[in-house]
Amino acid sequence: RVLVRNGVRVGRDGGRGGGVNRQKVVEMSVDEEMQEALHYCDIIKAYGNYANAVFQQLEKLEADFKSIPLVQRNLVPNFERKLQTMRSCVGANQIFIRKIMAQQWVFMNSEKVDYDWVMDQNRPITYSNMDKVKSTLKQCVRDWSAEGKTERAMCYGPILSELKKVFPKPDPSIRVLVPGCGLSRLVWEVAHAGYHAQGNEFSYFMLLCSFLILNCTKKPNEHRVFPYVHQTANLHSQQQQLYSVTFPDIDPSALPKRSLSMSAGDFQEIYEKQVEEWDCIASCFFLDTANNVIEYIRLISSLLKVGGYWINFGPLLYHYSNMPDEMSIELTWEEIKGCLKHYSLKLIREEIHKPSVYCHNPNIMMKTEYSCISTTCVKVAKTPVEKPAPRYKGKTTMRDGEAQYEHDQHMKNRRQNNGASNDGELPSVRPKRSSCGSCGSGGSGERPSRRS
């Protein structure tokens, strides 16, 4: 198996450990590495602060309950006991999160950044990041638990079924790319079916958790979480809120050697130069994560060999919609279909109104259901050569710029104290570590998405 982190490919031995083989794919400047480190450490802090943040929410619930008249409180005699049980469930979730955080060194791969210094910066923990921690717990249910089997059948099932139709004789020489793979269950299923599968993921929340599941899990149902303990609305009973889920439902290591690999980072940056290297691209709930959906289509076509297949399933939610600092090209499905021919993609299967849910608690009163498209395209000719569309990135905040300057001064002082030369080389601030070579980690930022 192969791990690619921040465009660096690591570990080709096919096992859970071993040597390191680095192959540069994407270069980053010192400023970019600093932004990456700030972003990553924000996520580590969000994971670490999960229990405290939820306890504060429970304290407000308790204070609100105590503010109502005693006669009304007596009508719900077990409310405070329920809050205590909720706190215990949150504590159990934090135990699992500590296992995730124990792998945080995998992301600390820049010798130009002092991660201890970055972690010490007093940057606020955002509500958005805390919501993504909670969402990651639900994603564990969707991808890796027995309870998520029905949901996986809705969205992964059509993709796996179609893959077996277009490649009826699975072989490790058939290379399948799964962009936006979340916690990597679809990648695992493709590899388990007998193909070579590579997943690509952008979210540090997903990458940290999938690294734990794929590399550090020794048996089925090793982990236990209470994924819905934060949900206080649309419940029939507290049992729907407080039940636990164990995972994974299978042994993640039960794969042929070198059958699964992961790349971490931005899909467009990592894969732009891999022209006609892939037999199939399987995308699930991914197409609408693009700033420019047409650019995704161009790149997907470019990656496929002539005669290769693109299998897609999902809605068109458009994750960057209504975000003022982000480009968002929002097309209808009919408009997207009109772009396929230009990029040498022939639509050979089209199913619409395919029902699917995402990280859904099946026992609550409210249900959000997507009416998805399920399609297959074959590449019939070379992709037209075009210059990639310009990327539109979010603005760097003044706070990040100040942190960059302060970090530069800190590293300058460290270099002087260590007696480094003035040729720009910095001493290593952390020992190099070999990585488990099964699941990816690292990335170039955080996208707003269902998976995060």
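Start with helix H2, residues 50–66, and helix H4, residues 79–101: their axes come within 9 Å and cross at roughly 175 degrees. Angles over 145 degrees count as roughly antiparallel, so H2 is roughly antiparallel to H4. Please keep in mind that this is a predicted model.

Which residues make the contact? On the H2 side they are Tyr50, Ala51, Val54, Phe55, Leu58, Glu59, Leu61, Glu62, Phe65 and Lys66. On the H4 side they are Phe79, Glu80, Leu83, Met86, Arg87, Val90, Asn93, Gln94 and Ile97.

Leaving out residues up to four places away in sequence, Tyr50 touches Val90, Asn93, Gln94, Ile97, Met130, Val133, Lys134, Leu137, Val229 and His230. The largest nonpolar core has 87 residues, and Tyr47, Tyr50 and Phe96 are the ones that touch the most other members. There is also a second, separate core of 27 residues, with Trp278, Phe286, Cys339 and Leu345 among them.

Now the overall numbers. The protein has 14 helices and eleven strands. Of its 452 residues, 53% are buried. If we take contacts between residues at least 6 apart in sequence, 79% join residues at least 24 apart.

Here is one pair separated along the chain. Met34 and Asp114 are 80 residues apart in the sequence, and their C-alpha atoms are separated by 9.2 Å. Met34 lies in helix H1, residues 30–48. Is Met34 buried or exposed? Its relative accessibility is 1%, and the limit for buried is under 20%, so Met34 counts as buried.

Back to H6 for a moment, because Thr136 sits in that helix and is buried, with a relative accessible area of 1%. Beyond residues up to four places away in sequence, Thr136 touches Tyr47, Leu183, Phe205, Met206 and Cys209.

Next, helix H8, residues 185–192, where Arg185 is found. Six of the eight residues of H8 are buried, which leaves the helix mostly covered. The buried ones are Arg185, Leu186, Val187, Trp188, Val190 and Ala191. Arg185 is a charged residue, and at 3% relative accessibility it counts as buried. What does its side chain pair with? A polar contact of 2.9 Å joins it to the side chain of Asp249. Arg185 also touches Asp143, Trp144, Arg152, Tyr156 and Ile250, again leaving out residues up to four places away in sequence. Just after H8, Gly194 has a positive phi of about 115 degrees.

Helix H12 covers residues 293–303, and ten of its eleven residues are buried, so H12 is largely enclosed by the rest of the structure. Among the buried ones are Val293, Tyr296, Arg298 and Leu303. The N-terminal end of H12 is capped by Asn292, which has a side-chain oxygen 3.1 Å from the backbone nitrogen of Ile294.

Last, some backbone details. Most residues other than glycine have a negative phi, and most peptide bonds are trans. Asn234 is not a glycine, yet has a positive phi of about 60 degrees. Asn234 lies in the loop between strand E5 and helix H10, and at 32% relative accessibility counts as partly exposed. Ser344, also not a glycine, has a positive phi of about 65 degrees. The place of Ser344 is the loop between helix H13 and strand E10, and at 9% relative accessibility Ser344 counts as buried. As for peptide bonds, the one from Phe247 to Pro248 is cis, with omega near -5 degrees. Pro248 lies in the loop between strand E6 and strand E7.

That is the end of my list.

Key: Residues are numbered from 1 along each chain as its sequence is written. This is a predicted model: local features need pLDDT of at least 70, side-chain atom pairs count only at pLDDT 80 or more; totals for chains, interfaces and linings use all residues. Side-chain values use heavy atoms; hydrogens and water are left out. Buried means under 20% relative accessible area, exposed over 50%, partly exposed in between (1.4 Å probe, protein chains only). Helices (H or I, at least four residues) and strands (E, at least two) are DSSP runs, numbered from the N terminus. A polar contact is a pair of N or O atoms within 3.5 Å; within protein, one must be able to donate a hydrogen and the other to accept it, and residues adjacent in sequence count only if both atoms are side-chain atoms. A nonpolar core is a set of buried Ala, Val, Leu, Ile, Met, Phe, Trp, Tyr and Cys residues joined through side-chain atoms within 4.5 Å. Contact means heavy atoms within 4.5 Å. Axes are lines fitted to C-alpha atoms, for helices over the stretch in contact, and angles run from 0 to 180 degrees between N-to-C directions. Angles under 35 degrees count as roughly parallel, over 145 as roughly antiparallel, 65 to 115 as roughly perpendicular and the rest as oblique.
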